[in-house]
Amino acid sequence: MNIIVLIKQVPNTSEVKLDPKTGNLIREGVETIINPDDLHALETAVTLKETYGGTITVLTMGPPQAMDALSEAIGMGADKAILLSDRAFSGADTWATSYTLGKAIQHIGDYDLILAGRQAIDGDTAQVGPQVADFLGLPQVTYVFDIEAVTTDYVVVKRRLEDGYERIQCSLPALLTVIPGAKHPRYPLVSRLLLACREKAPIKIWNAADIRVTTAEIGLDGSLTQVIRTFAPKFERQGEFLEGSTSGMVQNLIARFKENKLI
Ligand SMILES: Cc1cc2nc3c(=O)[nH]c(=O)nc-3n(C[C@H](O)[C@H](O)[C@H](O)COP(=O)(O)OP(=O)(O)OC[C@H]3O[C@@H](n4cnc5c(N)ncnc54)[C@H](O)[C@@H]3O)c2cc1C
């Protein structure tokens, strides 16, 4: 079974801070990690490989630092990794990101299953997995908690609902977006991490030309949405001291509540 896992390197915080002047993410001093849901996707892939054999290819689109995330993925058990890195990819919205990942997957070819995290903790849209499936014309199941059975033709998954689970059989090849399951993602092995550091490391870097996309289709130019301004919401509290006798202040307060339709 050949599996492609989509991973994203994200800041190790769910409280993303913005530079008020530029509107850009403040990345300085913030450690980066593999997006938590993606670790579960990777753990699912490694478990499947241990049972059914095959290869795991990890794919990410990101800056050169994303190499660290790929090395960690190799450490956890991935066989190969590909970093999509090119200035032309920058400024991509989720559409352009999914298109670029989709083109890279077509370039990789030969796969049975694509696993992605449900959601990235920085962008938080949960759009990339479903959009990649749509681009590739594949069936998709989101919120996958567990994979219960795999054959050469289909996969049976347990999908989480708000108040329970549903069991779904889905034909292969397919794309699944994964949520934290019963199994904790394994730690990378030092011997495998060393593999990722070797001169002949199983990590490739592909640019736009490698996946045969034009600059008009990717990055800022290929994005259907444009960010006009990014800002953090302002929380301003306005205080007012009421004066006078206690009963007068209470009457005043009740009148204010009524005025503002709070009571
Ligand atoms: C309107 C808009 C404009 C944007 N403009 C910019 C911009 O100008 N510059 C900029 O840097 N970013 C920009 N972004 C952010 C960028 O588009 C997203 O970070 C990216 O598309 C992933 O979306 P997400 O973080 O919501 O991932 P989600 O959809 O929440 O991620 C789900 C899963 O998809 C996979 N995945 C997500 N991203 C990647 C990736 N890069 N590689 C591999 N797998 C991945 C992972 O498995 C992840 O768990 C913009 C986003 C939007 C919505």
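**Burial, contacts and the ligand shell**

Me: With 18 other C-beta atoms within 10 Å, is Pro185 buried, exposed or partly exposed?
Reply: The model is predicted, and the count for Pro185 is 18 other C-beta atoms within 10 Å. A buried residue needs 20 or more such atoms, whereas an exposed one has 12 or fewer. Because 18 lies in between, Pro185 is classed as partly exposed.

Me: Which residues does Pro185 touch, not counting residues up to four places away in sequence?
Reply: Pro185 is in the loop between β10 (174-178) and α5 (190-197). Its C-alpha atom is separated by 8.4 Å from that of Thr44, although the two residues are 141 apart along the chain. With residues up to four places away in sequence set aside, Pro185 touches Leu39, His40, Leu42 and Glu43.

Me: Which residue follows α1 and has a positive phi?
Reply: The buried residues of α1 include Asp37, His40, Leu42 and Leu48. After this helix comes a residue with a phi near 80°. That residue is Gly53.

Me: How many of the 10 residues of helix α2 are buried?
Reply: Helix α2 runs over residues 67-76 and is mostly covered. Among its buried residues are Ala69, Leu70, Ala73 and Met76. Just after α2, Gly77 has a positive phi of about 135°. Of the 10 residues in α2, the number buried is 8.

Me: Why does Val141 count as buried?
Reply: Val141 belongs to strand β7 (residues 140-150). The cut-off for a buried residue is 20 or more other C-beta atoms within 10 Å. Val141 therefore counts as buried, since its number of C-beta neighbours inside 10 Å is 21.

Me: What separates the C-alpha atoms of Val141 and Cys170?
Reply: Leaving aside neighbours within four places in sequence, Val141 is in contact with several residues, including Val157, Ile168, Cys170 and Leu176. Val141 and Cys170 are 29 residues apart along the chain. Their C-alpha atoms are separated by 7.8 Å.

Me: How many residues surround the ligand?
Reply: The closest residues to the ligand are Thr97, Gly117, Gly123, Thr125 and Val128. Elements that each supply at least two residues of the shell include α1, β4 (56-61) and α3 (94-108). By class, the shell has 11 nonpolar, 13 polar and 6 charged residues. The number of residues surrounding the ligand is 30.

Me: What is the radius of gyration of the protein?
Reply: The C-alpha trace spans about 80 × 45 × 40 Å along its principal axes. A compact globule of 263 residues would have a radius of gyration near 18 Å.

Conventions: Residues are numbered from 1 along each chain as its sequence is written. This is a predicted model: local features need pLDDT of at least 70, side-chain atom pairs count only at pLDDT 80 or more; totals for chains, interfaces and linings use all residues. The radius of gyration is taken over C-alpha atoms; the globule rule is 2.2 Å times the number of residues to the power 0.38. A residue is near a molecule or strand if its C-beta atom, placed from the backbone, lies within 6 Å of it. Helices (H or I, at least four residues) and strands (E, at least two) are DSSP runs, numbered from the N terminus. Ala, Val, Leu, Ile, Met, Phe, Trp, Tyr, Cys and Pro count as nonpolar, Asp, Glu, Lys and Arg as charged, and the others, Gly among them, as polar. Two residues are in contact if their C-beta atoms, placed from the backbone, lie within 7 Å.
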